[in-house]
Amino acid sequence: MLTLPCPFCGERDETEFVNGGPTKPPRPDITVTNSEWIDWLTVPINPIGYVEEKWWHAKGCGAWFTIKRHTVTHDIAKLDG
Amino acid sequence: MTSSPLRFQTGGHINRDKPIEFEFNGKIYTGFDGDTLASALLANGIFLTARSFKYHRPRGVMGAGVEEPSCLVELLGVHAAGNHAATKVELRTGLRAKSVNCWPSPNFDLLSINQFFSRLLPAGFYYKTFMWPNWHLFETSIRRAAGLAAAPDERIPDHRYETRWWYGDVIVVGAGPCGLLAAMMASRSGARVMIVDDHREAGGHLRASRMIINGNPALDWVAAIVEELDANPEVTRLQDAIAWGYRESNQLMITERNPLEDHVFQRGWKARANRVILATGAIERNLIFANNDRPGVMLASAVQRYANEYAVMPGRRAVIFTNNSSAYELAHDLRSLGIDVAGIVDSRPSSAIGVEQQGLDMPLFAEHQVMTAHGGKKVQAVTIRDKNGVTTRLNCDLLALSGGWNPAVHLFSQSRGTLAYDADLASFVPDKPSQQVICVGAAAGQMNLAFAIVETAALTSSCLQNQGFTVAAVATPELSTITDYNIHPLWKVDGLRPGDKAFIDIQNDVTLDDIGLAMREGFDTVEHVKRYTTAGMGIDQGKIGNVNVIGNMAEASNKTPGEIGTTTFRSPFTPVDFGSIAGQRSGEVVLPFRHTPITKWNKAQGAVMYEAGARWQRPGYFPVAGETMQNAINREAEAVRYGVGVYDGSPLGKFDISGRDAAAFIDLLYTNDFSDLEIGMGRYGIMLSEDGMILDDGVTFKLAENHYFMSTSTGYADLVFRHMEYILQVERPSWQVWITPITSQWCNATICGPKARDVLVALGTSVDISAEAFPFMALREGIVADMPARICRVSFTGEVSFEINVWPRHAEAMWHRIMEAGAPLGILPIGSETSHVLRVEKGFLSLGHEVDGTVDPFDLGMGWIMSRTKMHAIGRRSVDIRRESGKPRRELIGLLPDSNGELIPEGAPITPNGDRVASEGFVSACVWSVVKQRVIALGLLLNGRARIGQTVFIRDREKTIKAIVTKPCFHDPQGHRLRG
């Protein structure tokens with residue numbers, strides 16, 4: 001079981017969180033083409049390596065936050081920028 | 001005090017002052033405190049303890065610990081449990097056990113006839129033979145023949161479990177010499193330490209050996225360290241505890257058996273540390289020759305443990321068969337104990353045999369191998385063979401094997417560390433770690449204890465220093481003679497003939513022939529061979545046999561064992577009681593029910609309680625004496641249609657939404673327009689997920705500018721909350737909106753029916769409740785029955801409804817007032833069954849019935865809810881893209897089935913002409929309608945709206961039911977009644 005760094009509550013047990021999948025680019029506005037919309041909606045990144053992903057601290061402060069996690073080792077690295 | 005013929009009068013670490021009686025296969029025996037069931041059985045001369053899994057061959061104890069493949073027992077009575085290795089069952093007063101997999105007894109087993117048909121039962125036999133017409137025809141009888149012990153039927157009252165969490169700096173797994181040294185160093189450095197060991201007492205291999213440390217028995221050194229550790233409050237020492245799982249973020253799953261506290265049977269620990277030190281030791285392999293499974297054939301390390309730890313000698317004349325130097329330690333011990341050794345059969349050439357043989361005055365057969373073991377229910381002799389094929393027969397009643405040692409890399413591998421094949425060791429060793437873990441001692445592949453101790457001290461020191469601890473130098477203990485480990489791998493003996501029963505996996509009855517067969521049939525990876533032959537499965541997970549499988553696969557395919565690789569090591573390391581994982585979370589507290597303040601009243605009224613969504617307990621219906629369920633539902637439904645009813649709507653999901661951007665937020669969430677909503681009014685909305693499917697529906701009222709009161713379906717309230725928070729925090733972080741879940745802050749009683757208004761009058765209210773002043777879909781705040789209330793005019797029944805929302809502390813009082821005020825009007829409480837009937841009559845949709853994650857509003861005939869001015873609303877774009885394809889969709893329809901008054905199960909498929917072909921729709925709900933006085937149903941049907949008036953066919957198992965397609969509304973389609 002992972003421990004996850006909540007930006008408000010610190011390191012907490014995975015059971016307190018809900019995974020929200022890899023971080024997507026911002027939601028496109030209505031001017032994008034259908035295929036751009038479908039790509040945004042349905043093509044999640046799934047690398048072997050670091051992935052930025054969303055977690056919800058459901059049984060804690062309620063924050064949705066982003067972490068950068070290695071999908072093999074579960075190492076949690078600093079976010080870019 | 002009883003003494004048994006195979007027990008030494010002195011020695012060992014058992015307590016001879018505490019004899020313990022136990023039962024095995026119906027007979028009473030005596031052992032001592034400190035025994036395991038296996039050691040006590042051996043001491044009593046019980047060698048035939050089990051029958052094998054497939055061939056029902058006689059089997060006895062082979063190992064002395066977690067590696068035991070064959071002596072599995074079922075525990076009875078207060079200790080009832082399924083397949084336990086007898087080597088890990090502590091002898092306790094009242095212990096009752098029986099052999100598994102034999103009937104009526106291991107000595108006279110009726111299915112032992114299988115061993116004579118063994119040539120007909122090769123690997124994959126069941127897969128190949130019992131395919132036609134259907135495996136399930138054969139499954140029951142095969143499982144009975146092959147079965148292991150039965151799990152207890154009932155909860156054992158004495159089996160109480162609990163869970164503990166532990167956090168610290170270092171966890172050491174294994175309290176052998178290296179583990180103890182590491183724990184001692186960590187303890188002295190000031191770290192918070194846990195040390196976990198699966199044995200009842202610390203010491204590991206030292207308990208099984210006659211080693212001298214610093215001039216004294218090794219256990220004196222152990223006792224001193226244990227005393228020092230126990231004196232430090234920062235050290236937690238768990239004995240008789242197995243670390244069986246290595247999880248992410250350095251978490252270990254541990255089951256502690258027999259904790260000291262009387263009230264706990266087992267304790268599950270979830271322990272997490274910055275560093276884990278694995279000192280898990282090594283597990284001995286067996287050797288592959290004919291009849292290597294006979295009772296009396298044992299691992300050399302096990303014989304040594306029985307002799308030294310339990311003072312039991314499981315034979316009078318032993319042969320030792322080895323391919324490495326470690327078994328000589330046993331030879332020296334047997335010599336000291338005065339046991340007759342018929343010979344050491346060493347497959348290594350004489351030149352490889354070193355100092356280990358010094359001082360042994362017993363026959364040594366170098367470059368010899370054991371061909372076969374003789375004897376049926378106990379080994380009586382062995383035939384050995386030299387390199388030229390010359391055979392000799394040696395009489396013996398005990399054959400001790402050592403096929404080399406495998407570092408116990410299980411936990412390291414579970415931590416996702418990689419393994420490498422070490423040719424000098426002829427086994428797999430830890431390679432690259434993936435977490436903060438180090439391996440020390442034999443677990444790291446260092447089989448020489450003297451070196452292992454020095455290396456452990458160095459590794460532990462740097463591990464602690466990396467965490468900022470100051471480590472003082474420790475005195476390295478001085479050991480009595482230690483020889484270097486030397487092994488010449490022998491994956492199988494030479495000259496085996498086809499048909500020889502040379503077992504590579506004792507527990508699963510997998511022979512060397514089976515591995516060869518699997519490879520000839522094209523299963524050439526170790527994972528496939530495992531699955532096809534079952535080698536390495538079962539209770540022991542191939543702890544003594546797996547590397548032999550790999551070695552033999554490598555030999556047969558001219559590869560190295562490293563190229564073959566290992567199968568995946570998964571948790572649990574040893575079998576674990578589910579109870580120890582669940583801890584206190586059993587029965588009703590696993591997922592507690594949620595109750596409204598009315599639950600007690602509902603139960604007192606004799607309501608049949610249901611679980612509604614999100615674990616709410618709700619009344620299903622309120623039967624009066626002798627009434628059927630259908631009659632109760634009809635009575636309740638008629639009350640609402642023709643009089644008045646009331647239901648407890650408190651579980652409905654409720655949210656308070658406020659803030660500068662609240663209006664824009666609601667507009668983004670729902671597909672229809674809320675911007676023109678007036679204060680005090682509400683609107684029904686459908687919320688989509690971004691893929692354009694319906695997520696939820698409900699009514700949202702505007703309380704004030706930028707302040708809304710949203711209701712959601714009961715079961716999806718949590719999901720909607722998560723959805724809304726995601727939109728707000730991730731997609732619109734600059735918006736100022738506050739979402740407050742208030743499901744439990746507002747309880748509600750919904751009064752519904754033509755006489756609902758009369759009840760409200762009788763209750764007394766400050767609100768003008770005339771239809772003109774308080775129209776449908778309006779909200780008013782005021783006093784009802786002397787209590788502050790928020791009244792909503794919404795309707796899920798199709799009749800006039802007043803949803804009286806009050807604070808939870810008033811809910812029960814309000815409920816009683818309503819029942820009193822409504823009594824003269826014949827008010828009835830109604831349950832969820834009746835709500836369901838009423839909503840089906842009206843064609844109101846229900847999440848989980850009509851809405852199953854594959855429908856959009858157009859499918860439900862609710863295209864009007866998709867505002868053309870709100871193309872940006874969540875899910876809108878996806879709905880449009882999908883509909884552009886023009887593919888036919890399943891649409892909501894009503895059904896009038898010709899079912900002679902019988903209800904059709906939900907989910908029954910609608911198929912073309914009622915044929916057994918792919919469905920074109922399904923029945924989503926079916927009820928007896930009190931207004932239509934017939935069975936009605938809702939369903940989703942391909943192009944359904946265009947087929948109104950047509951006949952379709954519903955399949956209910958073997959029946960076909962005709963039904964006429966109608967509009968999905970059977971009562972008051974104009975909605976006059978609910979607006980009244």
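**A sheet and its helices**

Modeller: In this predicted model, five strands of chain B make an open sheet. Their order is 35-36-37-34-38, and they pair in an antiparallel way. Strands in a sheet are held together by backbone hydrogen bonds. Strand 35 (682-688) and strand 38 (738-741) of chain B are at the edges. Each has a single partner strand, so one side of each has no neighbour in the sheet. On average, neighbouring strands are turned by 25° against each other, direction ignored.

Now take one pair. Strand 34 (residues 653-658) and strand 38 of chain B run antiparallel and are joined by four bridges. Within this pair, B:Asp656 has B:Thr740 of strand 38 as its bridge partner.

Next come the helices. Helix 17 (residues 662-669) of chain B lies across strand 34, strand 35, strand 36 (694-704) and strand 37 (707-712) of chain B. Helix 17 runs at about 135° to strand 34 of chain B. Helix 18 of chain B also packs on the sheet. Helix 18 touches strands 34, 35, 36, 37 and 38 of chain B. The direction of helix 18 makes about 165° with that of strand 38.

The contact between the chains takes 19 residues from chain B and 20 residues from chain A. On the chain B side, helix 18 (717-731) and helix 22 (876-884) each supply at least two residues. Helix 18 gives the most to that side, with six residues. The chain B side divides into four nonpolar, six polar and nine charged residues.

Terms used: Residues numbered from 1 in each chain as written. Chains lettered and ligands numbered in written order. Predicted model: local features only at pLDDT ≥ 70, side-chain atom pairs only at ≥ 80, totals over all residues. Contact = placed C-beta atoms within 7 Å. Nonpolar A, V, L, I, M, F, W, Y, C, P; charged D, E, K, R; others polar. Pairing = 2+ DSSP bridges. Axes fitted to C-alpha atoms, helices over the stretch in contact; angles between N-to-C directions.
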